[in-house]
Amino acid sequence: MIVGPAPLRRGRPALLLGLAALAAWAAWIEPRRLVVRHVEVGLPGWPPEHDGLRVGLLSDLHAGMAHAGPPAIERAVRALNREAPDLVCLLGDFLDRKAPVSRAVDARTVARCLAPLRARLGVFAVLGNHDWFAGGRRIAVALEEAGIPVFEDEARELSPHLWLAGVSDDRTRGADVEQALREVGEDAAVILLSHDPDVFPRVPPSVALTLSGHTHGGQVDIPGLPLRLPSRYGQRYASGHVAEGGRQLYVTSGTGTSGLPLRFRRPPEVVILRLMRAS
């Protein structure tokens, strides 16, 4: 009989226990966490009257996936409302019908969970690719009936010199950035909502800040292994603040999961951005 080295045999239970703990963390504990992330973003040319504007971001609920039922949505809504942001932006993928472990959640149920969101300048949304897989028009109607306008290649003036624009989901509808900005004045500060950050290279420098989700920050971040991201640009727009060519982008990792209901070193998050005039 061949027997392995004694230290190896003794270490095997500890290794198995460690792997089991990591699996439990990624499959059960981390996907049920919620982090409130505060980020200050300096924007060149940002109007002084809007210095300090606080923008709340909520993205990628993927309702219907494990860990992503109405209680999780309501918890994220409460977390945002406690922060009292000036503006709330919902960045798409409200529902998920594609994953093998998803279960049906009605669009109106999701909209009712989001309806209590409050912000001085309003609550606005764009749709994501999974919303269109799940019947996007129905989701848009449910959100609008709950008092949340859904932008598709359009813009709205929120206050003097401040506009909010939103584009259609690029993968399923084709984002038309030019159309979205058609009515925006030349002297306006513009915040642009795009579910997918791959739109960012087509955004003109006149836009002060683009806000996106979609990537989940890679969802599972194992040190030493490359992130797997649904992007044509690799890890270029994985998460967080990106400054590129004089333009600014912020990508939130969102709250839900896609594909497998796992998160590792990428906890669910809501984000509060404080927009400041860059010196």
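User: How many bridges join strand β7 to strand β8, and do these strands run parallel or antiparallel?

Analyst: This is a predicted model, in which local features need pLDDT of at least 70 and side-chain atom pairs count only at pLDDT 80 or more, whereas totals for chains, interfaces and linings use all residues. Residues are numbered from 1 along each chain as its sequence is written, and side-chain values use heavy atoms, with hydrogens and water left out. Strands are DSSP runs (E, at least two residues) numbered from the N terminus, as are helices (H or I, at least four), and two strands pair if DSSP finds at least two bridges between them. Here β7 (residues 189–193) and β8 (residues 209–212) run parallel and are joined by 3 bridges, with I191 opposite L209 in β8.

User: What is the strand order of the open sheet, and which strands stand at its edges?

Analyst: The 6 strands follow the order β5-β6-β7-β8-β10-β9, with mixed pairing. β5 (154–159) and β9 (240–244) each have a single partner strand, so one side of each lacks a neighbour in the sheet.

User: Which residues of α3 and α5 meet?

Analyst: Contact means heavy atoms within 4.5 Å; by that criterion, A107, R108, A111 and L114 in α3 meet R138, I139, A142, L143 and E145 in α5. Counting Ala, Val, Leu, Ile, Met, Phe, Trp, Tyr, Cys and Pro as nonpolar, Asp, Glu, Lys and Arg as charged, and the others, Gly among them, as polar, the residues of this contact divide into 6 nonpolar, no polar and 3 charged.
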